[in-house]
Amino acid sequence: MHSVRGSRVPRAFAAAIAAGLIWFCFSTATTTAWGLDVHRAITRRAIAGLPVGLRTFYASRASFIVEHAVDPDLWRVVGLKGDRGDEDPNHFLDIDGLDEAHPFRGVPREWDAFVARYGAEKANRMGRLPWRVEEIYKLLVARFQDVARNPGGYAAENAVFLSAVIGHYVEDAHVPFHATINYDGQVTNQRGIHARFESDLIMRNLPGLRLA
């Protein structure tokens, strides 16, 4: 734990989660994020795939991280709100609803510019996922920096919790249905495809899935 420095740990952790999630998508072919059990499975696999140094830090805390990887979805259930409003928009960015030409290069990358371009109501209705990831990432970096300064404090536990949280949002960012206004096939009379893609198919095939 004394060797943790700066932002290297959270960046590597987020990248590992993303890699694990992409593998799940290509291996398998409710309108909430990945099913809760799928979030847990992805997070567990991501921890197992970390480089040795990081894996040592996270392995003993894996059970906690895996269980709390679903917390952001539970915050939606109980209606918790952050500084920017309701939790729901933190889980998606319906980029095709912004009336921008494909491949959406006109979409601002900064939150304030995003709001200025589309207005607060539309910005929040279309989603805040990239900026939520950025928000949690900055908190995670700060907690690891606290660990380096004061190894005996609570920063490590806070970093572990934030690792679970950022894992959830990074996983959501790799769900194709979290990037479109037709997120459950409701526009094309295909309702139910969301849960089928991100929960049913994976849980049905999970026992036979293997990391490449």
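What follows is a friendly conversation about a predicted model of a protein and the words used to describe it.

Visitor: What does the protein contain, in helices and strands?

Guide: The predicted model has ten helices and two strands. Starting at the N terminus, the order of the elements is α-α-α-α-α-β-β-α-α-α-α-α. Of its 212 residues, 46% are buried.

Visitor: Why is Val147 called buried?

Guide: Buried means under 20% relative accessible area. Val147 has 1% relative accessibility, so Val147 counts as buried. You will find Val147 in helix H8.

Visitor: How do you know that H8 and H9 are roughly antiparallel?

Guide: The axes of these helices cross at roughly 160°. Angles over 145 degrees count as roughly antiparallel, and therefore H8 and H9 get that description. Their axes come within 9 Å, and the crossing is left-handed.

Visitor: Which residues make the contact between H8 and H9?

Guide: On the H8 side they include Leu129, Ile136, Leu140 and Val147, and on the H9 side they include Ala159, Leu162, Ile166 and Tyr169. By class, the residues of this contact are 16 nonpolar, two polar and four charged.

Visitor: What makes H5 and H9 roughly perpendicular?

Guide: Helix H5, residues 71–78, packs with H9 at an angle of about 80°. Angles of 65 to 115 degrees count as roughly perpendicular, so H5 and H9 are described that way. Their axes are 8 Å apart. From H5, the contact uses Asp71, Pro72, Asp73 and Trp75, while H9 brings Phe161, Val165, His168 and Tyr169. Five of the contact residues are nonpolar, one is polar and two are charged.

Visitor: What makes a group of residues a nonpolar core, and which members of the largest core touch the most others?

Guide: The members have to be buried residues of nonpolar kinds, joined through side-chain atoms within 4.5 Å. The largest core has 22 residues, and Tyr58 and Tyr169 touch the most other members. Helices H3, H4, H8 and H9 each give two or more residues to this core. The most come from H9, with eight residues. There is also a second, separate core of nine residues, with Leu93, Leu98, Val107 and Ala123 among them.

Visitor: Why is Asp99 called exposed?

Guide: Exposed means over 50% relative accessible area. The value for Asp99 is 67%, so Asp99 is exposed. Asp99 lies in the loop between S2 and H6. Asp99 also has a positive phi of about 60°, although it is not a glycine.

Visitor: What makes Phe104 partly exposed?

Guide: Partly exposed lies between the buried limit of 20% and the exposed limit of 50%. Phe104 has 21% relative accessibility, so Phe104 counts as partly exposed. Phe104 is in the loop between S2 and H6, and has a positive phi near 65°.

Technical notes
Residues numbered from 1 in each chain as written. Predicted model: local features only at pLDDT ≥ 70, side-chain atom pairs only at ≥ 80, totals over all residues. Heavy atoms only, no water. Buried < 20%, exposed > 50% of the residue type's maximum accessible area, 1.4 Å probe, protein only. Helix = DSSP H or I, 4+ residues; strand = E, 2+ residues; numbered from the N terminus. Axes fitted to C-alpha atoms, helices over the stretch in contact; angles between N-to-C directions. Parallel < 35°, antiparallel > 145°, perpendicular 65-115°, else oblique. Contact = heavy atoms within 4.5 Å. Nonpolar A, V, L, I, M, F, W, Y, C, P; charged D, E, K, R; others polar. Left-handed = near helix turned anticlockwise from the far one by under 90°.
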